[in-house]
Amino acid sequence: MPVKSCRNIYEIFQQTASTSGDLTDDHKNLITKSYCGTFRNVHHVCCLKSEIQLNSEGLEILTNTRCGINHASTVSRGLVAALFSFPWMALLKYNIGEPFKCGGSLITNRYVLTAAHCVYRQEDTIIGVRLGEYNISSSSDCTNSPIKSECAPPVEDVGIEEIIIPRDYRKHVFHDDIALIRLDRTVEFRRQLKPICLPITEELRFAHHSHYVISGWGRTENGNTSDVLMVALVRHIERQTCQKDFAVLPTLNEEHICAGGENLVDSCRGDSGGPLGFRDKHLGHLRFIQFGVVSFGINTCGQINLPGVYTNVSHYMQWITDNIRK
């Protein structure tokens with residue numbers, strides 16, 4: 001684990017720094033025995049499971065990010081999202097085939113969260129991330145209010161500095177299907193470009209919701225792709241029930257969330273990497289929080305009783321906080 005993810009060792013360094021003192025011999029011995037090298041230029045230690053904590057640096061970044069603010073109304077089935085209602089939505093841009101085959105979500109001013117299968121071994125084909133998009137086929141996105149029409153600023157196409165995937169991820173295995181994209185510059189938040197919240201507290205990581213909200217530009221219930229951002233409400237499905245529908249796949253576990261498959265609504269291939277979320281209390285405020293990343297499911301959209309499978313963001317908060325930086 002990174003030093004900042006190991007409570008007892010990190011506290012030794014904090015205490016020593018605060019007193020401007022030297023490490024004791026016992027502390028030196030503990031750190032020497034625990035040290036296990038560097039990974040991505042970060043010092044790592046072997047840490048007791050009981051001492052593992054969310055990485056303090058990554059957690060601070062997320063805690064200090066004003067997130068999850070939207071103005072979406074209640075949704076049901078598949079509906080067109082209102083302009084400005086899901087400002088964290090991202091599109092991955094490819095230079096081969098369809099330009100937008102996957103989605104993602106902005107989580108800080110430097111990182112987009114997506115699915116590993118969207119970026120695995122595609123470093124040469126992914127050319128950027130589009131933020132602030134609403135209608136792919138329109139150069140200008142405006143509300144149609146007869147009282148006051150508002151238009152969003154132009155979209156932002158941002159380059160990629162780094163793609164981070166769990167070390168054990170392998171395509172077609174359906175585990176560890178999560179990835180971080182570090183943008184090549186800091187983006188400035190505004191009305192149509194804001195980050196989504198993540199479950200940074202223990203209460204949120206163990207929260208249960210009967211329904212979730214999905215959003216994206218993927219296939220709608222009639223099988224057509226949408227140029228306009230769509231949104232739908234989907235019901236949570238217990239993993240045991242979900243496993244029966246996907247019996248030929250590896251065992252589903254705490255890495256996965258199942259939802260949807262009712263009323264011809266589901267997130268489909270075009271939405272891979274996009275967010276599954278719901279409103280909940282985040283540091284004392286009601287915010288929209290991402291609990292899942294669209295991973296896999298059915299080949300045709302919204303077949304009744306066939307849910308979609310999502311990577312469980314709560315299960316990967318340790319990995320996320322270990323891998324983001326300022």
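Mentor: Begin with the cut-off: a disulfide is a pair of cysteine sulfur atoms within 2.5 Å. Keep in mind that the model is predicted.

Trainee: How many disulfides does the rule give?

Mentor: In general, a disulfide is a covalent bond between the sulfur atoms of two cysteines. Here the count is 5. One of them joins Cys6 to Cys47, with 2.2 Å from S to S. The link of Cys6 and Cys47 is right-handed, with 90° about the S-S bond. Cys6 sits in the segment before α1 and Cys47 in the loop between β2 (42-45) and α3 (56-63), so the pair ties together parts 41 residues apart in sequence.

Trainee: Are Cys6 and Cys47 buried or exposed?

Mentor: Both Cys6 and Cys47 are buried. For another disulfide, take Cys142 and Cys151, joined at an S to S distance of 1.9 Å. Cys142 is partly exposed at 29% relative accessibility, and Cys151 is partly exposed at 47%. Their link is right-handed, with 100° about the S-S bond.

Trainee: What is the handedness of the disulfide of Cys242 and Cys258?

Mentor: The torsion about that S-S bond is about -80°, so the disulfide of Cys242 and Cys258 is left-handed. Cys242 lies in helix α6 (residues 239-245) and Cys258 in strand β13, so the link ties together parts that are 16 residues apart in sequence. The S to S distance between Cys242 and Cys258 is 2.1 Å, and both cysteines are buried.

Trainee: Now the helices. At what angle do the axes of α1 and α2 cross?

Mentor: Two packed helices are described by the angle between their axes and the distance between the axes. The axes of α1 (residues 7-19) and α2 (residues 25-34) cross at roughly 135° and come within 11 Å. That makes α1 oblique to α2. The crossing of α1 and α2 is left-handed.

Trainee: Which residues meet between α1 and α2?

Mentor: From α1, Asn8, Ile9, Ile12 and Phe13 meet His27, Leu30, Ile31 and Ser34 of α2. The residues of this contact divide into 5 nonpolar, 3 polar and no charged.

Note on methods: Residues are numbered from 1 along each chain as its sequence is written. This is a predicted model: local features need pLDDT of at least 70, side-chain atom pairs count only at pLDDT 80 or more; totals for chains, interfaces and linings use all residues. Side-chain values use heavy atoms; hydrogens and water are left out. Axes are lines fitted to C-alpha atoms, for helices over the stretch in contact, and angles run from 0 to 180 degrees between N-to-C directions. Helices (H or I, at least four residues) and strands (E, at least two) are DSSP runs, numbered from the N terminus. Angles under 35 degrees count as roughly parallel, over 145 as roughly antiparallel, 65 to 115 as roughly perpendicular and the rest as oblique. A crossing is left-handed if the near helix is turned anticlockwise from the far one by less than a right angle, and right-handed if clockwise. Contact means heavy atoms within 4.5 Å. Ala, Val, Leu, Ile, Met, Phe, Trp, Tyr, Cys and Pro count as nonpolar, Asp, Glu, Lys and Arg as charged, and the others, Gly among them, as polar. Buried means under 20% relative accessible area, exposed over 50%, partly exposed in between (1.4 Å probe, protein chains only).
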